[in-house]
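This report goes through a protein model chain by chain and then turns to the contact between the chains. Please keep the sequence and the structure in view while reading.

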Amino acid sequence: MSFVFTILAISAVLSAIGVITSRTPVYSALWLVLNLFLVASLYAVMDAHFLAASQIIVYAGAIMVLVLFVIMLLGLVGVAPKFSPFVTVVSLVAGVGFVAVLTPLFIEFARSSNEIGVTGDVKSVGRLLFTTYLYPFEAASFLIIGAIVGAFALAKKRRT
Amino acid sequence: MLQSTLSNYLILSAVLFTIGVVGVVVRKNAIIVFMCIELMLNAVNISFVAFSRQVGNLDGQIAVFFVMVVAAAEASVGLAIIISVFRAIKSVTTSDSSELKW
């Protein structure tokens, strides 16, 4: 289990360094997407399955897409990357190797999990959200509505 | 064994948070600064989940849920602000918007 954690932790740190040292905002956004996927894997290793799924759906799937939309909309793309077959082959090999290394570990970990404490599956988290934390849950929905209206009001074109 | 694993997660969270802080201070592009803020929020989420696993209940994971909600709301409003500032001064460099009124 600590081998999985070591790989995920070192990859998360390296991708975070990639976020802050990239030349263009698009590269930074892609490094951050990789970092968010690795952090979601860390949540899954820590038995927080609902959080892992919602991290991928909300953070990597909505927030980073929004950031990339804004980068493209403002025209900050920067240097156009040149196609390089070496980079393509290396990334394919690295991706397949990563999945091949992690999959048997995750399967074995899922089989032997739940040894301490509670798992963060959807049922447990949902029960807590709708009983103990009902008030913050409803307040969060107000927050989201306020953010939608605020983003609309800020970003619409003024007529003058 | 669980104690050493908890400290591993906390060290990872601290390292990611520090990288986010360095990114906010060093980079001049407002969108990259925003992405480093998201890095910091993720680092805090990791330590929340690690502590929730240590304590044994799910309150830390609920906190992470709400941090994600707030981060999504902050992302939309922050990017709308960046778009508005870009429309006014045609730049996303943070040092270009250094005057309150021009």
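## Fold of chain A

From the N terminus on, chain A runs α-α-α-α-α-α. The model is a predicted one. In chain A the count is six helices and zero strands.

Chain A has 160 residues, and 35% of them count as buried. Its accessible surface is about 9,500 Å², with 76% of that belonging to carbon and sulfur atoms. Among the contacts in chain A with a separation of 6 or more, 65% are between residues 24 or more positions apart.

## Helix 1 of chain A

Helix 1 of chain A covers residues 2–20, which is 19 residues. From its first C-alpha to its last it reaches 27 Å, close to the 27 Å expected at 1.5 Å a residue.

Which residues of helix 1 of chain A are buried? They are V4(A), F5(A), L8(A), A9(A), A12(A), V13(A), S15(A), A16(A), G18(A), V19(A) and I20(A). In an α-helix, residues three or four places apart point the same way, because there are 3.6 residues a turn.

V26(A) is a residue of helix 2 of chain A. V26(A) counts as buried because its relative accessibility is 13%, and the cut-off for buried is under 20%. The C-alpha atoms of V26(A) and Q55(A) are separated by 20 Å, and the two residues are 29 residues apart along the chain.

D47(A) sits in the loop between helix 2 (25–45) and helix 3 of chain A. Although D47(A) is not a glycine, its phi is positive, about 70°. With a relative accessibility of 4%, D47(A) counts as buried.

## Helix 3 of chain A

Helix 3 of chain A takes in residues 49–74, 26 residues in total. At 1.5 Å a residue it should span 38 Å, and its end C-alpha atoms are 36 Å apart, which agrees.

Where does helix 3 of chain A bend? The bend is at Q55(A) and comes to about 30°. After helix 3 of chain A comes G75(A), which has a positive phi near 75°.

## Contact between chains A and B

The contact involves 61 residues from chain A and 52 residues from chain B. The size of an interface is often given as the accessible area lost when the parts come together. For chain B and chain A, about 4,900 Å² is buried between them, and 79% of this is on carbon and sulfur atoms. On the chain B side, M35(B), R53(B) and M68(B) lose the most area to chain A, together 13% of what that side buries.

How many salt bridges does the rule find across the interface of chain B and chain A? The number is zero.

## Two residues of chain B

N45(B) belongs to helix 2 of chain B, residues 30–55. N45(B) has 0% relative accessibility and therefore counts as buried. Leaving aside residues up to four places away in sequence, N45(B) touches Y43(A) and Y59(A) as well as V64(B), V67(B) and M68(B).

K90(B) lies in the segment after helix 3 (59–89) of chain B. Is K90(B) buried or exposed? K90(B) has a relative accessible area of 59% and so is exposed, the cut-off for exposed being over 50%. Its phi is near 60°, a positive value in a residue other than glycine.

Conventions:
Residues numbered from 1 in each chain as written. Chains lettered and ligands numbered in written order. Predicted model: local features only at pLDDT ≥ 70, side-chain atom pairs only at ≥ 80, totals over all residues. Heavy atoms only, no water. Helix = DSSP H or I, 4+ residues; strand = E, 2+ residues; numbered from the N terminus. Buried < 20%, exposed > 50% of the residue type's maximum accessible area, 1.4 Å probe, protein only. Contact = heavy atoms within 4.5 Å. Areas by Shrake-Rupley, 256 points an atom, 1.4 Å probe, with all protein chains shown as cover. Expected span 1.5 Å × (residues − 1). Bend = angle between axes of the 7 residues up to and from the residue. Buried area = accessible area lost by both parts, 1.4 Å probe. Salt bridge = Lys/Arg side-chain N within 4 Å of Asp/Glu carboxyl O.
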